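Student: I would like to learn how to read the fold and the helix packing of a model. Please take me through one case.

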Amino acid sequence: MNNLIKGEKHDWEMVIGLEIHAQVKSNSKLFSSSSTKFGSSPNSQVSLVDAAMPGMLPVINKYCVEQAVKTGVGLNAKINNYSVFDRKNYFYADLPQGYQISQYKYPIVGEGKVTIDFKDGTSKDIRIVRLHLEQDAGKSLHDQNPSKTYVDLNRSGVALMEIVSEPDIRTPDEAGMYISKIRSILMYLDTCDGNMQEGSLRADVNISVRKPGDEYGTRCEIKNLNSIKFIKQAINYEAKRQIEILESGGSIEQNTMLFNTSTGKTRPMRNKEEAHDYRYFPDPDLLPLEISKEEIGKIKSSIPELPDELKNKFIETYKLSNYDASVLTAEKQTSDYFNETIYSDSELKNHAKIVVNWITSELFSLLNKNNQDLNNSPVSPENLGLLIKLISTNEISGKIAKEVLEDMFSSGKTARQIVDEKGLQQVTDQGEIAKVIDEVITDNPKMVEQYLAGKDKLLGFFVGQAMKLTKGKANPKMLNDILKQKLNKKN
Amino acid sequence: MSKSSLKQTLKDLETKKISIRELNQVYLKRIKEKDNLNVFIHFSEENVLKQMDNLEKDNSAKKLKGIPIAIKDLFCTKSMPTTAASKILENFNPTYESFVTQKLLDEGSIFVGKTNLDEFAMGSATNTSFFGNTINPLSKENEPLAPGGSSGGSAAAVAADLCLGATGTDTGGSIRQPASFCGVVGIKPTYGLCSRWGIAAFASSLDQAGIFSHNVEDASILLQSIAGFDQRDSTSAKVDIPNYFENLDDDLNGKTVGIPKEYSIDGTPMEISQIWEDAIKVLEKKGVKIKNISLPHSKYALPTYYIIAPAEASSNLARYDGVKYGFRSDEIDSLDEMYENTRAQGFGREVKRRILIGTYVLSAGYYDAYYLKAQKVRKLIADDFNKAFKECDFIVTPTAPSAAFPLNEKQNDPIKMYLNDVFTVPASLAGLPGISIPFGKDKNNLPLGIQILGKHFDEQQVFNAAVSLERSYE
């Protein structure tokens, strides 16, 4: 695989690491009992603690801790029995305490790894450095009034997991696959809702470029990207920018960058000299977090099947390819749908590959076209299973089945209903097919002559004519066989 | 003693010798007479009368029903503003009641007012308050004395008999030192005994609420009322609170007192060394074994404290930014300017000094040399005590290196001011309980204090030793 990008002068390699901020799925905040519901009216979910009133103290939300441990297990990572909450000090209007409670030296989760799968069947491990818990800040609203900034503290104190990767990523696609994989794991675990639009999952991207084999170059950090598309765009733009500077003899300044989603460009937010000194120190209001082996064990045992386990199970049970299985397990709803379909009829497990294709290509494209989600697909797994059963038993052809699926999608009817109503059963009666072929041969004597003179391509013409007469219902294989037989007899 | 004690007053109320109204009228009158001492930041007669009215309608039995108590203005209270003696909280009215004051309200006590303190409890003379100095009630007319600090208003309120008890907070000596200066009893319990919930924070790992009272018995009654576990404070301890008062036992026969040699500091006035010796002699007479102990890291306590406390303060006080509540400067052209001007105008000199020190010691490149090292030394100091307490039941030392000093002395010499905490700070760093009781006078007839330190959560032993010394002195 060649991951290099061409510069004016030579080839370059990107070195990318991601810091993913995932909002912990929890009804209440990390250190207060306020609700975390998204989209509530401003400052309606703010406790005295969230607003940093004098004398207010944080109390750890145990559920958020369990969620972080769960996530750590899902990332194949080391869970630390001892971790410490630190204060990260800086001033901002939407940071009421004047510090963010985070974990610095002793995070709750240590080294781990996730695997990403490529189309060509290969895969790659991305190492995780750590996962730590921290508070989210509030929101500054600059666009409500020309001369004022308003502050909404609903988000203030909401629990985040920061998942930091090693700089193991080499292309924008890998970055996209990595964040998709993390998102998938979080959603399987139900520790984050994965909603990137609502900001439940966002990432900071660290990127540098180097000539292959060289040491790491100076990196820049692009802050707060909330879609995979933007992540890829930002990486591409930033890599190009850095390469241009380096190739024209310049050097990279270690900057923190912002990505403008409308121009597709990055611009510096602050440089190294302007970087904050966060004056981290252990939060004296909180005791170190200690989790016993027993507690970790209990959480581990509560963990559902994760995408990679499921993927391997699918490969083994249904003899699917690595890539098919990874597509199927990328989202929990997809693997759930697949499972439900397969289990709807005992025969279907022998046609798993067909089931995968019908879900990931036919059904997905219909859903996409109609802007719908698999979770509320008008075609239920049972009904899709029924349709596939009709194909596998040769009752209808694949081509007809596509039509039937579209009908199912819009009308909500079952495949059986549609096939019966429209009389779409495949014609498998040899005599009937032979009759139609005879008709075609009789009606097209000139074509037959040309075919017999060696114009083999005309076979398709006869097939088409015969299909037309049977309204596409003739069993294609039988049609082909009989047609060849009859034409060759003429010879 | 001419002042009525809490214990006696509770009896008088019970036997209807006096009514809640009569009792509080006496205190109200005195508070108004002693207005010149500047003990209270907030005092409202109307508010006191209202509390009396409500209590009269309340038929339930309550342990402190009708008892006038003064509250240090660092405790957030719903019925009265809370300023922390700072301009930055000048007009702040909490919508919530601190754990400690809520406990006192639940017991039926009456809050006579909010007492003056050093701004955010940073000081040793109650002279850094935005609301002016408090004057030590023991001052001669032409020479006003400092009441000590930071809880100087509460100590003075008890000393001037404006209440039957007062709350304080102690971070490095803020209860014990003013108790010593004002000739009253002041106890700082074990760190974690009383919830910090609702107390404006100075240094979270050191701040602890406590009590001022006329005598040890009263302190034992009041401390029991404010102690207890609180799930809203993660550092609050889950321990059973004994009935300190019922368990008071002045028989110390067979106990061992530790006398730390490191507390004999050059330049300590003779009178202080004298009362310390006197106290030891009294204990010896009572059958207490005298044990010379060593707390070798004590000499590092003061610098350690003046790194850790400001570090925590610099972060704790970041929330006073003019955004959400409290004072905001008018001169604002940008967010940064809002912070700068609000905090420059809203905080006083001492608070700013400590924020600067704290910010410095936490800064990249200095953290290891200062903060981290200070934490290590703090551990050594605590270990010293743990070791010493294997050999003794309690420790006796002087409370402060001097009697009350004139109001304006040391004003411009922060180091001299910080030295006031030299005997109180080690126990604060170790989280140990300590009490100061009046024990003797200096040549100017000003009271001097003896400090008794105990093991973690062994307040009972501290009270027992204190009551024993107190009774022998009377």
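Tutor: In chain A, 68% of the contacts between residues at least 6 apart in sequence join residues at least 24 apart; two residues are in contact if their C-beta atoms, placed from the backbone, lie within 7 Å. This is a predicted model: local features need pLDDT of at least 70, side-chain atom pairs count only at pLDDT 80 or more, and totals for chains, interfaces and linings use all residues. Residues are numbered from 1 along each chain as its sequence is written, while chains are lettered from A and ligands numbered from 1 in the order in which they are written.

Student: How many helices and strands does the secondary structure of chain A come to?

Tutor: Helices (H or I, at least four residues) and strands (E, at least two) are DSSP runs, numbered from the N terminus. Chain A has 15 helices and 16 strands. Its C-alpha trace spans about 95 × 55 × 50 Å along the principal axes.

Student: How are two packed helices described?

Tutor: By the angle between their axes and the distance between the axes. Axes are lines fitted to C-alpha atoms, for helices over the stretch in contact, and angles run from 0 to 180 degrees between N-to-C directions. Here the axes of H2(A) (residues 172-189) and H3(A) (residues 228-247) come within 9 Å and cross at roughly 150 degrees. H2(A) and H3(A) are therefore roughly antiparallel, the term for angles over 145 degrees.

Student: Which residues make the contact?

Tutor: H2(A) contributes Pro172(A), Ala175(A), Gly176(A), Ile179(A) and Ser180(A), and H3(A) contributes Ile228(A), Ile231(A), Lys232(A), Ile235(A) and Asn236(A).

Notes:
Angles under 35 degrees count as roughly parallel, over 145 as roughly antiparallel, 65 to 115 as roughly perpendicular and the rest as oblique.
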